[in-house]
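Colleague: Could you walk me through this one? I'd like to start with the ligand and what surrounds it.

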Amino acid sequence: MTPPGRRARPARPRRSADVGAWAGEADVVVVGYGVAGASAAAEAAAQGADVLVLEHTGGWGGAAAMAGGFIYLGGGTGLQRACGFTDTPQDMHAYLLAAMGDGADADKLALYAERSVEHFDWLVACGVPFRAAFFDRPGWEPHADEGLMYSGGENAHPFAELVAPAPRGHLPRMADKRTGERGGGWMLMRPLVDTARARGVRVRYDTRFEALVVEPDGRVRGVVARNYGEEVAVRARRAVVLATGSFAYDDAMVARHVPLLIGRPGASVEQHDGQGLRAAQAVGADVAHLHACEAALLADPGLMVRGIVVDALGRRVINEDTYPGRIGHALLSHHGSRGFLVADEPAVDEARAQGGPLALLIPPRPTWVGDDVGELEREAGIPPGALAATLGLYNCHAERGEDPVHRKAARWVRPLRAPWGVFDLREHTVGFPLGGLRTDVDGAVLDVDSEPIPGLRAAGRVAAGLSAGGYASGISLGEGSFFGRRAGRAAALDELS
Ligand SMILES: Cc1cc2nc3c(=O)[nH]c(=O)nc-3n(C[C@H](O)[C@H](O)[C@H](O)COP(=O)(O)OP(=O)(O)OC[C@H]3O[C@@H](n4cnc5c(N)ncnc54)[C@H](O)[C@@H]3O)c2cc1C
């Protein structure tokens with residue numbers, strides 16, 4: 001029995017001298033076979049490296065294979081052009097600078113925007129399919145297999161006023177998709193894994209990484225893992241690439257670093273337990289942006305955009321035509337995840353008519369309905385007069401087709417008339433951490449003196465990437481594959497020893 005506060009699986013490093021026998025070895029040992037791991041493995045193998053992947057579960061995919069599949073790409077990709085959109089690396093960079101949060105890694109943002117078109121071409125060359133069709137409605141995802149959509153509020157306040165908007169949410173084509181089982185993310189992962197396999201990448205499933213093995217001079221030499229209860233040590237001749245995902249499912253780390261997410265992990269898998277992060281910290285790795293998180297509000301964006309989202313005090317929160325993750329983030333970080341969506345009958349009817357499989361997720365019906373605002377306020381626990389004042393102000397501006405308070409686009413602004421429906425959105429926000437190991441653009445894990453730890457690279461959600469708090473759908477699969485590739489390529493070229 002583990003004493004309270006102590007870890008069942010310590011992440012402290014092992015000395016190479018204490019490893020009795022190596023159970024296997026490779027030039028590059030990749031830990032985790034999700035999007036970052038598969039991309040790293042494929043690229044390392046393309047450089048001629050002998051690559052071994054260790055994966056905790058019995059199959060490839062991780063959270064990525066369950067994902068909706070947004071990959072945030074732009075700068076003028078073939079898909080953007082085929083759908084009739086103009087985009088440039090400069091505009092994409094300007095958007096990322098504005099959207100990813102203060103303190104975001106400038107080198108990563110610049111490189112990601114500059115090389116995004118090449119990365120899209122690489123994905124296509126690996127066999128990831130995209131249908132050249134644009135989905136032009138508010139929603140969490142396209143309803144069918146359309147390949148392109150706005151996924152970061154680029155066409156809404158404040159970003160639309162800063163930089164020419166372009167849709168950058170690229171979705172692999174998937175018929176009859178079921179996000180959480182087999183969505184666009186599966187159609188991203190399948191070709192990446194096929195590519196890695198064709199290049200000779202070996203995989204050991206059911207093998208749970210526990211700790212790093214280090215030389216006396218601090219160089220990472222390999223890993224210790226557990227396979228059906230038996231401890232195995234695997235040697236890396238060139239480098240270890242950690243690609244184990246976030247710490248969403250480690251309650252203690254969530255409580256310490258991103259308490260907003262206590263009790264609400266989302267868009268993650270249970271293997272995202274922070275072991276990779278802690279093992280790297282245990283050899284001196286630095287971390288960045290551990291407070292940052294993605295937030296998803298489980299409500300229909302098509303309805304939110306036609307109504308208003310207010311907090312527990314009846315005050316509007318944000319422009320409702322923005323990326324729904326920004327609405328969720330605003331509610332979670334500034335309003336304790338307590339909010340309400342207020343809509344009228346035409347709004348509900350229009351949203352239902354336009355809705356797809358993910359429409360009206362939660363709640364399916366208004367919690368309270370009525371034409372007496374005072375009564376609705378009492379029922380929802382909103383202070384008397386507060387919602388009435390908000391509705392009055394919104395409708396006063398909406399009569400003129402404008403929203404000078406939160407700047408929702410005129411296209412969505414219309415007075416909301418009685419009877420109103422109030423949807424209870426309290427506790428409908430889930431999310432995952434975005435911070436992690438501090439790495440350079442080639443995945444080298446940096447120590448607290450900003451020096452690379454020899455033999456150790458990382459990519460995907462175990463590392464801090466583009467975000468310092470802001471987010472757009474597709475950033476995780478985008479940066480996981482992009483920086484995963486770079487980490488794999490660099491690992492294959494790391495010094496042989
Ligand atoms: C339902 C859903 C929808 C989503 N939609 C999107 C979307 O549209 N766009 C987007 O960008 N993101 C989306 N995400 C998030 C995205 O899938 C993840 O953030 C992304 O996959 C992270 O990449 P990764 O390589 O770091 O982790 P993963 O892809 O999860 O891969 C990590 C792998 O490491 C393995 N692993 C973990 N610990 C160990 C260990 N100790 N030893 C060995 N192996 C280990 C895991 O089993 C897993 O296979 C979604 C996620 C879900 C679940």
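Colleague: Which element gives the largest share of the shell around the ligand?

Modeller: That is α2, which contributes four residues to the shell, and please keep in mind that we are looking at a predicted model.

Colleague: And which residues come nearest to the ligand?

Modeller: There are 37 residues around the ligand, and those that come nearest are Glu55, Ala63, His272, Arg461 and Leu477.

Colleague: How does that shell divide into nonpolar, polar and charged residues?

Modeller: The shell holds 16 nonpolar and 18 polar residues, together with three charged ones.

Colleague: What about the backbone, say at arginine 461 or alanine 36?

Modeller: A polar backbone atom of arginine 461 lies 2.8 Å from an oxygen atom of the ligand, while for alanine 36 a polar backbone atom is 3.0 Å from a ligand oxygen. At alanine 243, a backbone N or O atom is 3.4 Å from an oxygen atom of the ligand.

Colleague: How much of the ligand does the protein bury?

Modeller: The protein buries 94% of the 990 Å² that the ligand exposes when taken alone.

Colleague: Changing topic, how is the protein divided into domains?

Modeller: Domain 1 covers 1-295 + 433-497, and domain 2 covers 299-427; their C-alpha centres lie 35 Å apart. Their contact takes 25 residues from domain 1 and 27 residues from domain 2.

Definitions and conventions. Residues are numbered from 1 along each chain as its sequence is written. This is a predicted model: local features need pLDDT of at least 70, side-chain atom pairs count only at pLDDT 80 or more; totals for chains, interfaces and linings use all residues. Side-chain values use heavy atoms; hydrogens and water are left out. A residue is near a molecule or strand if one of its heavy atoms lies within 4 Å of it. A polar contact is a pair of N or O atoms within 3.5 Å; within protein, one must be able to donate a hydrogen and the other to accept it, and residues adjacent in sequence count only if both atoms are side-chain atoms. Accessible areas come from the Shrake-Rupley method with a 1.4 Å probe; for residues, only the protein chains shown count as cover. Helices (H or I, at least four residues) and strands (E, at least two) are DSSP runs, numbered from the N terminus. Ala, Val, Leu, Ile, Met, Phe, Trp, Tyr, Cys and Pro count as nonpolar, Asp, Glu, Lys and Arg as charged, and the others, Gly among them, as polar. Domain bounds come from an automatic or database domain assignment. Contact means heavy atoms within 4.5 Å.
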